Amino acid sequence: MAEPFIFIGTHTVKEGKLEDFKQHFQEFCAFIEENEPRLIHFALYISEDGTEVSVLQVHPDEDSMALHMQVAGEHFAQAYEFLDTTKSIQIYGKSSGALVEQMKQASSPEVAVIVKSELTGFNRLPATGVSEPAS
């Protein structure tokens with residue numbers, strides 16, 4: 001069984017842009033849901049004061065995350081109309097150096113890209129059984 005690939009990106013929101021970002025993210029989320037059937041969980045979490053957001057993604061494997069980087073690439077730049085800075089990128093699960101390097105290149109040098117591999121545990125996530133869409 002493949003180990004899930006979990007991604008958490010935390011960002012600060014530009015002052016006065018939270019409502020616009022929420023609308024943008026709802027549209028983006030619908031796009032992702034339609035175009036990435038293997039992605040298990042994709043959600044936006046907002047701090048109590050509305051100044052910080054975290055995007056949480058649970059993929060069945062690293063290949064699903066790599067597809068996300070391709071499918072969503074053009075949308076990332078649009079998000080920065082509403083987001084100020086990326087505070088951190090966290091990756092949980094097995095990852096090739098290539099994907100981690102791609103994420104480092106996509107962010108600014110001062111952003112920490114933290115990678116943690118599983119030591120022990122269990123997984124009750126159901127297998128999605130859905131293949132990637134044909135390109």
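Is K87 buried, exposed or partly exposed? K87 is partly exposed, at 45% relative accessibility; the class lies between buried (under 20% relative accessible area) and exposed (over 50%), with a 1.4 Å probe and protein chains only.

This is a predicted model, in which local features need pLDDT of at least 70 and side-chain atom pairs count only at pLDDT 80 or more, while totals for chains, interfaces and linings use all residues. Residues are numbered from 1 along each chain as its sequence is written, and side-chain values use heavy atoms, with hydrogens and water left out.

The structure holds three salt bridges, each defined as a side-chain nitrogen of Lys or Arg within 4 Å of a carboxyl oxygen of Asp or Glu.

| Pair | N to O distance |
|---|---|
| E19 and K22 | 3.2 Å |
| R38 and D61 | 2.5 Å |
| E52 and K87 | 2.6 Å |

Helices (H or I, at least four residues) and strands (E, at least two) are DSSP runs, numbered from the N terminus. E52 is partly exposed, with a relative accessible area of 24%.

Both E52 and K87 are in contact (heavy atoms within 4.5 Å) with T10. T10 is found in strand β1 and counts as buried because its relative accessibility is 8%.

E19 and K22 both lie in helix α1, three residues apart. E19 counts as exposed at 53% relative accessibility, whereas K22 is partly exposed at 31%. In the remaining pair, R38 is buried at 13%, and D61 is buried at 16%.

Methods. Lists of a residue's contacts leave out its neighbours within four places in sequence.
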